[in-house]
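These notebook entries record what I looked up in one structure, entry by entry. I began with the backbone and then turned to the side chains.

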Amino acid sequence: MLNNNQINQIKEIDSPILTKKSDDISTIKMRGEDEVTGLISNEELYLFKRFLIDDKYFVYITSTNMVHEINNLEYQILEYGFDIEPWSLKEKVDIRDCSQADIVISCKRLKDLFQPINKEGYVFAQPNFKRKTEKFEMKVLLINTTEDCNLRCTYCYFGGAYDDTRVHRKLKADIEDLKPILEEFVLSNKNVEKQRAIYFFGGEPLLNFKLIKDVVNYIDEISIKYHINIENILYQIATNGTVLNSRMMEFFKEKDFYINVSMDGPNHDKYRLDKVGNGTLDLVTKKLKWVSETYPEYYSTHFGIVCVITPPYKIPLLYDFFTKWEPATTALHLDFDMILPGNEIGSNYYEELCKAKDDLWEIFTKTHAYSEEEKQTSSLYFFSTGFNFLHKAFSSVTWRPINTIQSKLNKLNGMDEAPGVHITTIGADGTIYSSYEHQHEDYKIGHLNDGISKEQVNNIIENFQAFCNTGSCSKCWASRLCKIDYPEFYISNSDDEDKIKAKLEVQKLTCKNERYDTYSALKANKEIELRFGKKALDYMETSLEEHQIYF
């Protein structure tokens with residue numbers, strides 16, 4: 001549990017900026033942002049986000065999760081508050097023919113649209129899953145076959161660019177250590193209707209190919225021993241592709257593996273380097289060309305390309321590369337992940353990142369003019385739906401419940417399940433982590449020798465809950481749609497004052513980026529409805545993420 005000093009420091013640094021407009025009214029801006037996105041008026045809190053589409057004005061209201069069309073005057077009034085005296089507002093709004101009566105009418109309409117909550121903001125309640133950690137039903141068992149890698153990608157989680165995670169080292173997992181948790185994984189849910197996965201990770205997992213074979217063979221032994229149908233268990237692997245060979249491919253094909261290969265297109269050689277600093281694009285493209293030509297049917301149904309998009313963000317170059325290179329066009333899916341550099345210079349690229357995202361949202365919106373048949377053959381549609389940030393934000397916005405909510409939220413931002421339940425990560429040394437990105441002591445929830453610790457899992461939940469209730473989350477306009485989970489921002493019991501300060505600085509940019517994605521998704525959702533009608537969104541009854549397996 002976080003102590004009082006840690007909580008007070010979070011409150012001091014991460015609270016939103018309140019500006020007093022009158023005795024009873026204050027406006028709210030989030031840290032690092034210039035736009036008013038909330039009001040405290042007469043002890044009540046109003047949270048919102050305004051946006052424009054062509055010459056139309058809209059406001060998203062957090063408490064109801066609804067988007068309303070408003071007029072220019074109402075749009076401007078929200079900058080100051082709708083409980084301010086009309087004569088005072090008349091001096092502030094930039095509309096030449098606006099009368100005091102117009103202001104009175106607009107203020108009343110805004111008041112009617114909003115449902116306020118308590119001025120202290122949202123309270124993030126203890127999630128239901130915290131009380132269900134007695135029994136773990138693992139969905140994805142992620143196994144680090146080794147912590148060694150033959151590449152040194154500069155943005156890698158384990159390459160030294162990020163704090164609070166391990167680094168590469170020559171350490172391999174052993175099948176004897178893994179047998180108990182493999183048996184627990186298979187036996188914990190015998191329902192073949194529930195799909196689960198074993199995901200091989202690293203380092204470069206193929207550097208310990210023997211372990212991969214040993215795991216699959218042992219799963220087969222468990223199936224025979226206990227007469228269990230294991231058709232619901234998928235095998236997946238994340239690889240850089242550089243050491244793929246025919247022996248491996250024959251095994252993967254026989255065992256029906258899904259394979260995600262990292263390949264970054266135009267920027268590949270800037271970031272994905274070997275141990276002596278040479279680019280690896282030529283090697284990876286040759287490997288994928290060989291696989292796609294030698295195993296064409298298997299490749300098109302089981303191979304995905306995972307592209308990390310890094311500065312410079314050149315979307316046209318990216319589009320040309322992945323829509324003209326045949327192994328990309330014939331792969332099962334493309335997955336694009338846009339990131340900022342994992343160090344102090346990341347903030348320098350934020351505006352460039354947002355501009356690139358704007359271009360992608362525009363492409364995505366345009367493709368909604370296509371028929372279902374056109375989507376199947378459109379390289380533009382195939383390209384646009386591969387962006388993780390886009391379909392996560394769009395799904396969150398499109399599926400949001402439309403209702404009035406009180407001040408208590410039964411969710412912790414993007415934490416949908418107990419840490420380590422959806423993805424149970426096993427380090428090569430047997431440590432069990434709650435996050436596959438952050439394989440660090442703070443994210444440890446057990447060891448293969450002892451099993452998963454309920455106390456450690458609950459401590460992570462409680463710390464994240466304390467942060468959500470202490471910092472800016474409670475007064476953030478995007479709080480009901482936020483997808484930030486604890487691995488992206490987590491304060492541990494051992495963090496001192498300097499560590500917390502550094503983490504909060506990173507968190508400011510993380511939250512700013514999340515709010516931008518949510519704003520863009522709200523805008524795109526409304527624009528699609530205006531341009532193409534509500535039927536253009538019918539396909540969202542099934543997930544936009546259905547082309548992905550787990551990652």
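**Entry 1: cis peptide bonds.** I located G203 in the loop between β10 (196-201) and α6 (209-226). The model I am reading is predicted. The peptide bond that joins G202 and G203 is cis, with omega at about 15°. I then turned to P311 and P312, which are also joined by a cis peptide bond, and there omega is near 0°. P312 has its place in the loop between β13 (303-309) and α11.

Entry 2: H227 belongs to the loop between α6 and β11 (233-239). I class H227 as exposed because its relative accessibility is 74%, and the cut-off for exposed is over 50%. D256 also has a positive phi, near 65°, and is a residue other than glycine. I found D256 in the loop between α7 (246-254) and β12 (258-262). Its relative accessibility is 38%, so D256 counts as partly exposed.

**Entry 3: cysteines.** How many disulfides does the count give? The count comes to zero. I checked C156, whose closest cysteine sulfur is that of C153; the sulfur atoms are 6.2 Å apart, which is too far for a bond. The reasoning rests on the cut-off, because a disulfide requires the two sulfur atoms to lie within 2.5 Å. C156 is buried, at 18% relative accessibility. For C354, the closest cysteine sulfur belongs to C511 and lies 14 Å away, so this pair is too far apart for a bond. C354 is buried as well, with a relative accessible area of 4%.

**Entry 4: salt bridges.** I reminded myself that side chains of opposite charge can pair when their charged atoms come close. The count for this model comes to 32 salt bridges.

In helix α5 (residues 175-187), E176 and K179 are three residues apart, about one turn of the helix. Their side chains meet in a salt bridge of 3.1 Å, N to O. I recorded E176 as partly exposed at 49% relative accessibility, and K179 as partly exposed at 24%.

In helix α9 (residues 281-294), K289 and E293 are four residues apart, again about one turn. Their salt bridge has an N to O distance of 2.8 Å. K289 is partly exposed, with a relative accessible area of 43%, whereas E293 is exposed, at 53%.

In helix α11 (residues 315-324), D320 and K324 are likewise four residues apart. The closest N and O atoms of this salt bridge are 3.9 Å apart, and I counted the pair because the limit is 4 Å. D320 is partly exposed at 34% relative accessibility, and K324 is exposed at 66%. I also noted a network: salt bridges that share partners join E35, K49, R50 and E79 into one.

**Entry 5: a charged patch.** Which residues gather in a patch of negative charge on the surface? I listed E12, D496, E497 and D498. E12 sits in helix α1 (residues 4-14). With 68% relative accessibility, E12 counts as exposed.

Terms used:
Residues numbered from 1 in each chain as written. Predicted model: local features only at pLDDT ≥ 70, side-chain atom pairs only at ≥ 80, totals over all residues. Heavy atoms only, no water. Patch = residues over 30% accessible without salt bridge, like charges linked within 9 Å, V, L, I, M, F, W, Y side chains within 5 Å. Areas by Shrake-Rupley, 256 points an atom, 1.4 Å probe, with all protein chains shown as cover. Lys, Arg positive; Asp, Glu negative; His and termini not counted. Charge placed at Lys NZ, Arg CZ, Asp CG, Glu CD. Helix = DSSP H or I, 4+ residues; strand = E, 2+ residues; numbered from the N terminus. Buried < 20%, exposed > 50% of the residue type's maximum accessible area, 1.4 Å probe, protein only.
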